[in-house]
Amino acid sequence: MPLDDDVVEAIYREHGSALRRFVLSATRDPQLAEDVVQETVLRVWQHAPEINGSFRSYLYRTARNIMIDNYRRSQRRPQEAMEGSLTDPAEVMGRVDELLNRVLMEEALLRLSKEHRDVLVALHYRRFTVNEAAVQLSIPSGTVKSRAYYALRALRTILDEMGVER
């Protein structure tokens, strides 16, 4: 059962700009980015009943797959057609994967409680020690350790629910 036009329009309105920024950060070509976004929304429209897990994750994975397909298709073209296109495929795909991981991690972190998120950000992103995090967050160091433990468990569960594979 495909989605109706109103739902497709809502998907484009709610997620189109974030998806476009994601694709632009990998390709730097506005026209290509718009094509990828439109193709992504079209595929989501066609396969919507099969989506399990996070909708936004599905959108980003679909866009990533479309960019990979486009790159592979361009590799089969003669060299003249390749002028001005993507440089090193491993570098581009590495950058796309890194961006996708960041987006998924940000979404997962936003689902954590504020207390758990603050501890994880302090320990893993700001690279604070337990004692530094305790001072920064104004909580005992034992609480930092406990929250970090439970936050990582919750984060693993959230990532599993989002369909993120390890």
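How many helices and how many strands are there in the protein chain?

**View 1. Overview of the protein chain in the predicted model.** The protein chain holds eight helices and zero strands, and from the N terminus on its elements accordingly read α-α-α-α-α-α-α-α. Of its 166 residues, 36% count as buried. When contacts between residues at least 6 apart in sequence are considered, 63% of them join residues at least 24 apart.

**View 2. The packing of helix H1 against helix H3.** The crossing in which H1 passes H3 is right-handed. On the H1 side the contact is made by Ile11, Glu14, His15, Ala18, Leu19, Phe22, Val23, Ala26 and Thr27, and on the H3 side by Phe55, Arg56, Leu59, Tyr60, Ala63, Arg64 and Met67. Sorted by class, the contact of H1 with H3 comprises 11 nonpolar, two polar and three charged residues.

**View 3. The largest nonpolar core and the surroundings of valine 96.** This core has 33 residues, and those that touch the most other members are Phe22, Val23, Tyr60, Met67, Val96 and Leu155. Two or more residues each are given to this core by helix H1 (5-27), helix H2 (30-47), helix H3 (55-75), helix H5 (89-111) and helix H8 (141-161), with H5 giving the most, nine residues. Nonpolar side chains tend to be buried together in soluble globular proteins. Once its neighbours within four places in sequence are left aside, valine 96 is in contact with Phe22, Ala26, Arg64 and Met67. Another core, which lies apart from the largest one, has eight residues, among them Val119, Ala122, Ala134 and Val144.

**View 4. Threonine 40 within helix H2.** Is threonine 40 buried or exposed? With a relative accessible area of 0%, threonine 40 is buried, since the cut-off for that term is under 20%. Setting aside its neighbours within four places in sequence, the contacts of threonine 40 are Leu19, Leu59, Thr62, Ala63 and Ile66. Of these, Leu19 in H1 and Leu59 and Ala63 in H3 also belong to the contact between the two helices.

**View 5. The crossing of helices H6 and H7.** Helix H6 (residues 114-125) and helix H7 (residues 130-137) have axes that come within 9 Å and cross at roughly 135 degrees, and the two helices are therefore oblique to each other. H6 passes H7 in a right-handed crossing. The residues that meet are Asp118, Val119, Ala122 and Leu123 in H6 and Val130, Ala133 and Leu137 in H7. By class, this contact of H6 with H7 contains six nonpolar residues, no polar residues and one charged residue.

**View 6. Glycine 163 and glycine 53.** Although glycine 163 and glycine 53 are 110 residues apart in sequence, their C-alpha atoms are 5.6 Å apart in space.

Technical notes
Residues numbered from 1 in each chain as written. Predicted model: local features only at pLDDT ≥ 70, side-chain atom pairs only at ≥ 80, totals over all residues. Heavy atoms only, no water. Axes fitted to C-alpha atoms, helices over the stretch in contact; angles between N-to-C directions. Helix = DSSP H or I, 4+ residues; strand = E, 2+ residues; numbered from the N terminus. Parallel < 35°, antiparallel > 145°, perpendicular 65-115°, else oblique. Left-handed = near helix turned anticlockwise from the far one by under 90°. Contact = heavy atoms within 4.5 Å. Nonpolar A, V, L, I, M, F, W, Y, C, P; charged D, E, K, R; others polar. Core = buried A, V, L, I, M, F, W, Y, C linked by side-chain atoms within 4.5 Å. Buried < 20%, exposed > 50% of the residue type's maximum accessible area, 1.4 Å probe, protein only.
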